[in-house]
Amino acid sequence: MTPTIGSTYTVKHSRKGTFVMRVDSLDADFAHGEVVAGKASLISGNLVPGDKISVRMSLCKFELEGGDRVSL
């Protein structure tokens with residue numbers, strides 16, 4: 001099962017940490033969207049709410065805001 005475009009998820013990423021993301025688009029390997037809560041850690045600094053982000057889905061666990069978990 002893959003994340004759904006337009007849905008909001010708590011993302012637990014093995015490198016970027018835990019944050020809330022709204023998914024805007026998907027491709028074969030990545031989910032693209034916007035940080036809506038928390039902060040994602042990058043080598044170059046942190047992404048905060050309002051910043052765009054892309055995550056490799058194989059490195060994440062997605063938990064749908066409201067309870068459903070999606071592991072890829």
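Reader: Where does T10 sit?
Author: T10 is in strand β1, residues 8-13. Strands here are DSSP runs of E, at least two residues long, and are numbered from the N terminus. This is a predicted model, where local features need pLDDT of at least 70, side-chain atom pairs need 80 or more, and totals for chains, interfaces and linings use all residues. Residues count from 1 along each chain as its sequence is written, and side-chain values use heavy atoms, leaving out hydrogens and water.

Reader: Is T10 buried or exposed?
Author: Buried, because its relative accessible area is 18%; the cut-off is under 20%, with exposed over 50% and partly exposed in between (1.4 Å probe, protein chains only).

Reader: What does the side chain of T10 make a polar contact with?
Author: The side chain of E65, at 2.4 Å. A polar contact is an N or O pair within 3.5 Å; within protein, one atom must be able to donate a hydrogen and the other to accept it, and residues adjacent in sequence count only through side-chain atoms on both sides.

Reader: OK, switching to E34. Which strand?
Author: β3. E34 counts as buried because its relative accessibility is 18%, and its side chain makes a polar contact with that of R22 (2.9 Å).

Reader: And how many bridges join β3 to β6?
Author: 5, with the strands antiparallel; pairing takes at least two DSSP bridges. A31 has V55 in β6 as its bridge partner.

Technical notes
Helix = DSSP H or I, 4+ residues; strand = E, 2+ residues; numbered from the N terminus.
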